[in-house]
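Here's a friendly walk through a protein model. Have the sequence and the 3D view open while you read.

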Amino acid sequence: MVRGCRHLAGFLLLLSEMAAHVTRGTTPYPDATTTGEPPQYATTSTADMFLLSNVTDVDNQGLLYSDLVHEIMVDIPATSTVGDLVVDTTTLQTSNVTNVTYVLMCCTYDVFTLRTDGKVLLTSELDFNIQYSIPVAELDSFGAILAAYVIHVNLTSDVTLYKDPDGLCNTTSFFVTMEENSNMVSVDLGSLTNQSLSGLQFSLVPGGDADRFSIDPSSGVITPNSPLDREEKDTLVFRIAMATRYDVTFATVTVTVTDINDNAPTLVETWSSEYILQSTPINSIVGLVRAEDPDAGENATLTYTIVAETGEEFSELFFINNVTGVITVISNFKVIREHIPLKIRVLDNGKPPRFAETAVDLSLLPNEAVGNLTRLEVSVAEDVVIGTAIVNATVPESAGDGTIIYTYVMQDPSGLNENYFDVHNETGEITVISGLDRETEPSHEFFVEPIADSGCDRQGLILVIIKLEDINDNDPVFEHQTLLGTVRENTPIDDPVTVIPGLTVTDKDFGINGSIELHLTGAGSNKFAVNSTTGHIYVNGALDYETVQSYSLNVHACDRDGMPGCRRASARLTIELQDENDNPPQFSQEDFHFFIPENSTDGAPVGTVLATDQDSAQYGKVDHFIVGGGDGVFRLEFSSGQLSLVRGDLLDREAMSWYTLTIRAQDRGSPSLSTSTNVNVTVTDVNDNVPSFDDDALRHFFTKEPIRTLENLPAWTRLFTLSVTDPDDGLSGSVRLDVNSVRFSVVMMDNSTEHWAIVNTVTLDREERGTYELGITATDMGTPALSRSITIFLGDVNDVPPTFLEPPDEVTLLGGSHLGTLVAIFDVEDPDVNGTIQYSIAGGQDGLFGINNEGVVVLNKQLPNEVITRNVTVEVTDGLHLTITTLRVHVEDGSSMDSLEFEKENYNFDVFENSTPGTVLATVNVSSNQLVQYSFQSAQMNQMFVIDNFTGEIATRRPLDREEAEEHYLIVVATESSVGPRKAYAAVSISVLDVNDNAPQFDRDAYDVDVLENVTVGHTIVSLSTSDADVGENADIVYRRVEGGDAFDVDPETGEVRVTDALDREAAGMHIIVAQATDGGSPPLHSTVTVIIHVEDVNDNSPIFAQDYYNIGVPENNDNKQVLSVIATDDDIETMSSTVLSKRCRQFHNRRADWRHLVILQL
């Protein structure tokens, strides 16, 4: 609180400045805090960052106050709970002033509180979506502002809080793509979570490829730390944590790096024929170019072309296969050219495309250069046995003179044919010398040149083409032996399953031998299907995550389309189902019923209303809410379902005996699913209500109006009835009634503890005793028992009318007497004790006279100045009878004489009760030159007081008793002795002061109470009640125990008798104590009463045998005979006090049996 007007303006300016800090949300320096226990803080002045609008005066105080503002950043866990420390403001002080105080200024979001010791604590749960800022002002002892702090609260949810994230199951998987070599690549994982981002925090789990990326903790956007290179690694895998206020879940992120065309093709092989004859057949292979590209997809798809040179067009002679790079002849040669530089370009399909170029040198020779060309083509199975002669590459013997020698004349395209085949020099027989493999080289082409040994004629070349026929000698091959597939449950049939990496199977064989059939085996394989052509996996049945979370399958590949003789291969396929929010929460039972005592305090547990959800992760997390009923009495912990009492002050079984709450269980899916149930809470009774008497009995108690009855009624006559109720339940609501007099008793009516009659046990005699003061106590049967007592007066019937005691019959007044002039005083007696005396003036009398309840008659208005005698009728009634008397009022002319007057019209005197007779109170007199005589107006006034006729001195005639009458009223008449005497009247009021002449009186002659022996220390067993006829300090009562009962004590103020030590009925079944009540008079008076306490038994003792053990001998062959009688005792009552047990002989006839038998007796 700001103290003093001189600080108010600055206070308001500072408040507005701090509000600007909070609403602008300025970002504090990140290194301004350190974490720890307790956290340490650093401050930084940011006044130079502020922009104050509409500031025209450089001396504006707002600028000065902005210099006082410091900003602080505090990190606290988002999982902090109510009562946790946010910041200790005493550590923030920057000044050296002592005795400073701190106050919250504004904008505390109703979640923070500042304690007197300077600690800021949480008062409710935090919200991830709010950036909290707490403005705090530092004041000196005069209320002047020393400094102000804006404390920014940063909510943290650190995955390192979880000790073993790798040991936890992923709740989901993310498959994302990123382009290589890009500096502007990011993926928003938050948009893929299918749930609200409210309160969700993302973080990377160390390990895998996590160090290659960064993640935004709020949005879930991941960004590579440096450009990615697909050629280096095309798939990156790491894990993330998604934390909320309540828990953390983990997910696997698989990043597929997509290719860009950042690599040109690279030439890896070129080949060309040594020479080409003019007669070379069309489609003959004469060259080869092969290149590779490390890119992927279209970026790695290569196209081979022949580049036209200026002035030359070789594309009319040669063709290059744009896919394989094989160069073939496409035209008959018309020209001869020994050197042809054929330029080849290899171009990829990227955008933009990249290329590489090379030149293939070819030589075109005439046929005469090498002779005629013979073409020899043969087919052979690829598994032909080594040494097998395939074909003879020969020419007719007439083709030359002498012996012909056969030999290779040029390299074949692969350059390896000499390793596979041998050409016999003499016969030209071609033999297999190495294993052939169609999958490695589907055909072999080479030239054999026959040469005559004469060397005269050159023979034509023989082109040998050996084509290999395929056999089924290769198994199908899976590109990846382990495959992982993911699919959401409830995915429709025929929808694809995402498999990473893709299912790819190859077979190097050809035709039917390379045709592959795929099928699935394993538990649940019927839920899926595989396309043998594409390798895609499809859903083929209903999928339910709650039934099966994953399937472990085998993918089998069979070539020859699965026909007999096929070759096989298999791979492992794991298909993980991704959960969907398709199950609403289910409560553990249809409805709930709990019980809670009505005296339970705040925080008391009621029960657990827990629902579970078969779904997983967020879908399976259930929050519980009270959506109806309860009237704010209960609180439901949203995650555990623990129902507890929050407003114990509202719990009252008598007002509300049961509550029906509607509880909704709602999962955290998006959209969420929910289920509701009813919870019935029955409030059980405790004995918290004292019995209550009916209104009529209470009226007699408060007004002390006696209940009328007749004397001489026979014993056991019903004198009056009353009702007693107790709103508690069961025994706590059952009541018994007691009276404190042996002359009376109580009788239950209608067999109901609510209706009772008071009866006399002896004949009552009014002359012996006219009034009885009955103490009636109603006690319930609860534990502990509660009681209420009232006192009712019982008296005779009102059968005697009131009687005036020496009433004044005439008085004289002067005309013109003013309003309020005392006229007369009347007094009556009524032998009945239950009559209520009321005075009144009968007739009109023009309202001239009035009388009060004390019998004092006064003028209600000024008396007319006319000589007249007025008859005033005075009535008195006791409520049943009426008595009348007449007062004659003589009015004398007061206009012609001076009035005789007392010094005062009204006198007030005090006197102590029990003063000795003759005690002088005071003197009243008038001023007159005549002899004056003083007297009381009526003789009745002379009973208690006496007046000196000549001096007017008033004194007591006998001792006064305040308890009998607290006030006395007198009328003094002063009369002159002259002829035609004048008279004067004065009213005298005498108050009787109390002295301590009455000792306290207990409401009972003795107290007799019961108490269980197991009651706790402090238990109240009875309340003593006393009365004292005195008043003031003389009636202030103090209680104490004066004798007996060390286990009990008496409360000095309330008179409650309480247990101070443990009770044991077995040690002492009855206690007698004497209690004393002492008043506060001087000297004090006291009285005592006896309290008899009966200790009632509880079963707290076990039976005890007379001996610890028994040793007996048993003759053999004495079946069914008593062998032992034991006695056990129990100190408790009304239970087993002695027990006789017997054990008879059975089966002791075997002589060889062990004679020792242990008998254990247990009660």
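## The big picture

Of this protein's 1163 residues, 42% count as buried. Buried means under 20% relative accessible area, exposed means over 50%, and partly exposed is in between, using a 1.4 Å probe and protein chains only. This is a predicted model, where local features need pLDDT of at least 70 and side-chain atom pairs count only at pLDDT 80 or more, while totals for chains, interfaces and linings use all residues. Residues are numbered from 1 along each chain as its sequence is written, and side-chain values use heavy atoms, with hydrogens and water left out.

The secondary structure comes to five helices and 86 strands. Both are DSSP runs numbered from the N terminus: helices are H or I with at least four residues, strands are E with at least two. Contact means heavy atoms within 4.5 Å. Among contacts with a separation of 6 or more, 68% are between residues 24 or more positions apart.

## Nonpolar cores

In soluble globular proteins, nonpolar side chains tend to be buried together. A nonpolar core here is a set of buried Ala, Val, Leu, Ile, Met, Phe, Trp, Tyr and Cys residues joined through side-chain atoms within 4.5 Å. Which residues touch the most other members of the largest core? They're Val 823 and Phe 902, out of 54 residues in that core. Strand β74 (residues 983-993) gives the most to this core, with seven residues. Apart from it lies another core of 25 residues, including Leu 483, Val 505, Leu 520 and Tyr 551.

Leaving aside neighbours within four places in sequence, Phe 902 has contacts that include Tyr 907, Val 924, Tyr 934, Val 972 and Tyr 985. Now look at Phe 478, in strand β33 (residues 477-478). Phe 478 is buried, because its relative accessible area is 5%. With the neighbours within four places again set aside, the contacts of Phe 478 include Leu 503, Val 505, Val 555 and Ala 571. Phe 478 and Val 555 are 77 residues apart along the chain, yet their C-alpha atoms are separated by 9.5 Å.

## Two helices to look at

In helix α5 (residues 695-703), Ala 697, Leu 698 and His 700 are buried. They sit on the same side of α5 because they cover an arc of only 160 degrees around the axis, the arc being that of the directions from the helix axis to the C-beta atoms. The face turned away from that buried side carries the exposed residues Asp 695 and Phe 702.

Tyr 619 counts as buried because its relative accessibility is 14%. At 24% relative accessibility, Ala 617 counts as partly exposed.

A cis peptide bond joins Thr 783 and Pro 784, with omega about -5 degrees. You'll find Pro 784 in the loop between β57 (771-780) and β58 (787-795). The peptide bond from Ser 1082 to Pro 1083 is cis too, with omega near 0 degrees, and Pro 1083 lies in the loop between β82 (1070-1078) and β83 (1086-1096).

Trp 716 has a positive phi, near 65 degrees. Its place is the loop between β52 (707-708) and β53 (718-725), and Trp 716 counts as exposed because its relative accessibility is 55%.
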